[in-house]
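Keep the structure open as you read.

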Amino acid sequence: MNGKTLDWLAGPGAPLQGAICVPGDKSVSHRAVMLGALAEGVSEVEGFLEGEDTRATAAILGRLGVRFEAPGDGLRRIHGVGLHGLRGADGPLDCGNAGTGMRLLAGLLAGQAFDSTLVGDASLSRRPMGRVIEPLRRMGARIEAGEGGLPPLRIHASNGLQAIDYELPVASAQVKSAVLLAGLYARGETRVREPHPTRDYTERMLAAFGWPIRFSPGDARLEGGHRLRATRVLVPADFSSAAFFLVAASVVPGSDLLLRRVGMNPRRTGLLAALRAMGADITETPAGEQGGEPVADLRVRHARLRGIAVPEALVPDMIDEFPALFVAAALAEGETRVSGAAELRVKESDRIATMAAALRTLGADIEEAPDGALIRGGRLQGGEVHSHGDHRIAMALAVAAQRAAGEVRITDCANVATSFPGFVALAGGAGFGLQETAGLG
């Protein structure tokens, strides 16, 4: 790429102190605008994540005929068109960097009476979509993809979908959600079963919008032919965004930080269990529910972490938090072993390879495995590391820099705006040594 990119300069700052609120949950925000668009009536969403990913999803729905109002930051008023009220767009629908948006929209669009084409940026265009295409085709959807199941996705007008009983070969909340959204348009009962329970945001949100659905960990079923009713959604703070502060306050001596009203969906908080097993000092105070999700205030104080063998049962519940966990492991005493996390190879980047390479540059001792890594804790040094345009890698490396012996330059950080706009300002206010700088693309 020619021109300038956004890099960060990071290094040891002050102990993390005070009380902060991270942005709204990305997963909940995506689903709230999708179901609000298909509902009858006007829905209101508070705490909507003002990130590029979620804005891309809302923009696509706008092109499909849904009217949105944004009366303030984090607020959306959605004038729903009903289950069959969407209309086709003139030209491709750009998901940007949003893998969640593309996979869920594939399910939503599979039952429509018009053709659609979903495209994405360079990063998203390298992410395989075969696992979501396969069950949708079983339901009767006509979907074409590039070689290897890569975007763009060309979704043809539906001739009618048929419900399926589908057992996921690999646990994935996004694939499950796509099948359930297609099931809204299918004849009969759609059922999705998982080898390990994943996040149940879609199930909870469908129930909040009045669709009859039965679900328990690892099993969800619904029948087509009902209606969605407009509602008010309060989006909790995003646990994945909070994860970077949980690790940073754990590893930076003298830290005592409060994170307010964080979403505590039990299928999302595997990192919390892993950090506590490593010796982290994190207490939670329940704070009710927002958007159908339990929320809590989390207080985290510095603690000496020790390496562990991460239980594979936790992996599906922390798949987005592994970059942060790798940093905790690199600064812990002893060895941390991660296995059963092959999904990390096909995220925004190959997160195992990217994190291993970056942390090795900073002096960490890491051995890669096909589905994880062995990380031996120790000291970190300064250096230049590459995020490869992966927002979670960039933020995790900013955390690592807080314990490095020298300055760390992190390249290609612009995509942090997809999930955590304002990260540099919020982190700096809490005590991080972190600033933006221009780099050469």
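A32 is buried, with a relative accessible area of 0%. Bear in mind that this is a predicted model. A32 sits in helix α1, which covers residues 26-38. Skip the neighbours within four places in sequence, and A32 is in contact with V45, I78, M205, F209 and V233. For a sense of scale, take A248, which is 216 residues from A32 along the chain: the two C-alpha atoms are separated by 30 Å.

Now step along to V33, also placed in helix α1. Is V33 buried or exposed? V33 has a relative accessible area of 0%, so it counts as buried. Setting aside residues up to four places away in sequence, V33 touches F48, T57, L61, F68 and I78. Look at L61 in that list: it is 28 residues from V33 in sequence, and the C-alpha to C-alpha separation is 8.2 Å. I78 turns up for both residues, touching A32 and V33.

## A glutamate in a loop

Next, find E50 in the loop between β3 (40-46) and α2 (52-63). With a relative accessibility of 13%, E50 counts as buried, because the cut-off for buried is under 20%.

What does the side chain of E50 make a polar contact with? One partner is the side chain of R76, at 2.8 Å. A polar atom of the E50 side chain also lies 2.8 Å from the backbone nitrogen of G74. Leaving out residues up to four places away in sequence, E50 touches R55, G72, D73, G74, L75, R76 and P421.

## A four-stranded open sheet

Over to a sheet: four strands make an open one, in the order β6-β7-β9-β8, and the pairing is mixed. At the edges are β6 (93-94) and β8 (143-144), each of which pairs on one side only. Helix α3 (residues 99-109) packs on this sheet, where it touches β6, β7 (116-119) and β9. The direction of α3 makes about 175 degrees with that of β7.

How are β8 and β9 joined? Two bridges link β8 to β9 (residues 153-155), and these strands run antiparallel. If you want a pair to click on, I143 has I155 in β9 as its bridge partner.

## Helices α7 and α9

Last stop: helix α7 (residues 239-251) and helix α9 (residues 322-330), whose axes come within 9 Å and cross at roughly 5 degrees. That is why α7 and α9 are described as roughly parallel to each other. On the α7 side, A243, F244 and V247 make the contact, and on the α9 side A324, V327 and A328 do. How do the residues of this contact of α7 with α9 divide? Six are nonpolar, none are polar and none are charged.

How covered is α9 itself? Mostly: nine of its nine residues are buried. Among them are F322, P323, L325 and F326. The buried residues of α9 pack against α7, α8 (270-277), β20 (335-338), α10 (351-361), β22 (372-376) and α11 (391-401).

Notes. Residues are numbered from 1 along each chain as its sequence is written. This is a predicted model: local features need pLDDT of at least 70, side-chain atom pairs count only at pLDDT 80 or more; totals for chains, interfaces and linings use all residues. Side-chain values use heavy atoms; hydrogens and water are left out. Buried means under 20% relative accessible area, exposed over 50%, partly exposed in between (1.4 Å probe, protein chains only). Contact means heavy atoms within 4.5 Å. Two strands pair if DSSP finds at least two bridges between them. Axes are lines fitted to C-alpha atoms, for helices over the stretch in contact, and angles run from 0 to 180 degrees between N-to-C directions. Angles under 35 degrees count as roughly parallel, over 145 as roughly antiparallel, 65 to 115 as roughly perpendicular and the rest as oblique. Ala, Val, Leu, Ile, Met, Phe, Trp, Tyr, Cys and Pro count as nonpolar, Asp, Glu, Lys and Arg as charged, and the others, Gly among them, as polar. A polar contact is a pair of N or O atoms within 3.5 Å; within protein, one must be able to donate a hydrogen and the other to accept it, and residues adjacent in sequence count only if both atoms are side-chain atoms.
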